[in-house]
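Here is a short briefing to read beside the sequence and the coordinates. It goes topic by topic.

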Amino acid sequence: MSKSLFADSAVYEITKFTTLDYSDHLACILWFAKCNMSCSYCYNAPIVRGKGQISNNQIFDFLRSRIGKLNAVVLSGGECTLYPRIVELCEEIKELGFKIKIDTNGLKPDVISELVDFSLVDFISLDYKAPPHKFFEITKNTLHEKFYKTLDMLIDKNFTFEVRTTVHSELLTPEDINAIITDLKNRKYKGIYYLQNFHQVKDTLGGINIPSRPIEKELLLKNLAIEIRN
Ligand code: SF4
């Protein structure tokens with residue numbers, strides 16, 4: 001690894017072990033600082049507002065110490081695809097023999113496409129935040145067409161990925177979720193669509209309160225496989 005290439009730092013913290021974040025894998029999580037969205041329900045405010053504070057040398061010292069103990073690295077955040085050297089970082093992780101899962105909001109289709117084309121990612125969790133008419137309200141970002149580019153690209157490449165949505169009932173109605181289901185169906189998404197209830201924590205980006213009701217699965221369309229994660 002070239003020292004100049006990895007002199008900077010984008011990772012806010014490391015979760016050293018998880019069996020929950022990448023199904024059937026023993027993984028660690030690298031939490032990338034910064035995000036190009038500002039979701040009102042985001043519970044990673046310190047990470048989104050923070051700065052990278054773990055050097056790449058520290059990251060790779062840690063990863064080398066986990067060879068044979070872990071089999072995967074999850075890149076989460078924040079938004080890991082904002083890191084300008086994400087391709088080189090994934091190459092180095094792959095050289096150590098780890099699989100890579102990426103959690104992303106999908107606004108960097110070119111970066112994600114490059115990672116897929118060069119086999120530098122094994123699985124992607126793609127957040128489908130909202131239908132277009134709610135996209136800005138929930139994410140404070142207007143680039144929903146970038147998200148659709150990523151979604152269509154992963155479907156076209158037949159890549160292994162999942163689509164998921166965090167639901168706060170005051171922000172997303174059953175009609176909004178049904179609009180997403182219809183869109184996924186029209187785009188020929190074949191996987192399971194995962195829904196997760198917003199979890200109340202003290203420090204969200206938008207300071208929102210606990211929702212009045214959980215996901216009402218009985219009101220959702222039945223033409224796509226749906227699982228509620230919590
Ligand atoms: S919930 Fe939104 S703001 Fe928070 S890390 Fe994910 S995309 Fe960024």
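pLDDT is the predictor's confidence in each residue, on a scale from 0 to 100. The model is predicted. Its protein chain has a mean pLDDT of 93, and 97% of the residues reach 70 or more.

**Confidence**

- Residues 2-6 are the stretch to treat with care: pLDDT stays under 50 there.
- For residues 2-6 the model has four contacts beyond four places in sequence.
- Where pLDDT is low, the predicted coordinates should not be read in detail.

**Ligand surroundings**

- Which residues surround the ligand? They are Cys35, Met37, Ser38, Cys39, Cys42, Asn44, Val48, Gly77, Gly78, Glu79, Asn105 and Leu205.
- By type, this shell divides into six nonpolar residues, five polar and one charged.
- Val48, one of the residues around the ligand, lies in helix H1, residues 45-49.
- Val48 counts as buried because it has 21 C-beta neighbours inside 10 Å, and the cut-off for buried is 20 or more.
- Leaving aside residues up to four places away in sequence, Val48 touches Lys34, Cys35, Cys42, Gly78 and Leu205.
- Among these contacts of Val48, Cys35, Cys42, Gly78 and Leu205 also belong to the ligand surroundings.
- Val48 and Ala33 are 15 residues apart in sequence, yet their C-alpha atoms are 5.4 Å apart in space.

- The peptide bond from Gly77 to Gly78 is cis, with omega near 20°.
- Both Gly77 and Gly78 are in the ligand surroundings.
- Gly78 sits in the loop that runs between strand S3 (72-77) and helix H3 (86-95).
- Ser76 lies in strand S3.
- Is Ser76 buried, exposed or partly exposed? Ser76 has 19 C-beta neighbours inside 10 Å, so it counts as partly exposed.
- Ser76 touches Ile29, Trp31 and Asp103, not counting residues up to four places away in sequence.
- Ser76 and Thr160 are 84 residues apart along the chain, and 17 Å separates their C-alpha atoms.

**Helix H6**

- Helix H6 covers residues 144-156, 13 residues in total.
- At 1.5 Å a residue, H6 should span 18 Å; its end C-alpha atoms are 18 Å apart, so the two agree.
- Which residues of H6 are buried? They are His144, Phe147, Thr150, Leu151 and Leu154.
- Viewed down the axis of H6, these buried residues fall within an arc of 115°, so they line one face of the helix.
- An α-helix has 3.6 residues a turn, so residues three or four places apart point the same way.
- The buried residues of H6 pack against helix H4 (109-117), strand S5 (123-127), helix H5 (132-139) and strand S6 (161-167).
- Glu145 and Asp156 are exposed on the other side of H6.

- Asn158 is in the loop between H6 and S6.
- Asn158 has 8 C-beta neighbours inside 10 Å, so it counts as exposed.
- Asp24 also has a positive phi, near 65°, in a residue other than glycine.
- Asp24 lies in the loop between strand S1 (11-18) and strand S2 (27-32).
- Asp24 is exposed, with 8 other C-beta atoms within 10 Å.

- Pro174 is found in helix H7, residues 174-186.
- Pro174 has 17 C-beta neighbours inside 10 Å and therefore counts as partly exposed.
- Pro174 touches Glu216, Leu219 and Leu220, with residues up to four places away in sequence left out.
- Pro174 and Glu218 are 44 residues apart in sequence and 9.4 Å apart in space, C-alpha to C-alpha.
- Gln200 lies in the loop between strand S7 (193-197) and strand S8 (226-228).
- Gln200 counts as partly exposed, with 13 C-beta neighbours inside 10 Å.
- Gln200 and Lys185 are 15 residues apart along the chain, and their C-alpha atoms are separated by 31 Å.

Note on methods. Residues numbered from 1 in each chain as written. Predicted model: local features only at pLDDT ≥ 70, side-chain atom pairs only at ≥ 80, totals over all residues. Near = placed C-beta within 6 Å. Nonpolar A, V, L, I, M, F, W, Y, C, P; charged D, E, K, R; others polar. Helix = DSSP H or I, 4+ residues; strand = E, 2+ residues; numbered from the N terminus. Expected span 1.5 Å × (residues − 1). Buried ≥ 20, exposed ≤ 12 C-beta atoms within 10 Å, placed from the backbone. Arc of directions from axis to C-beta. Contact = placed C-beta atoms within 7 Å.
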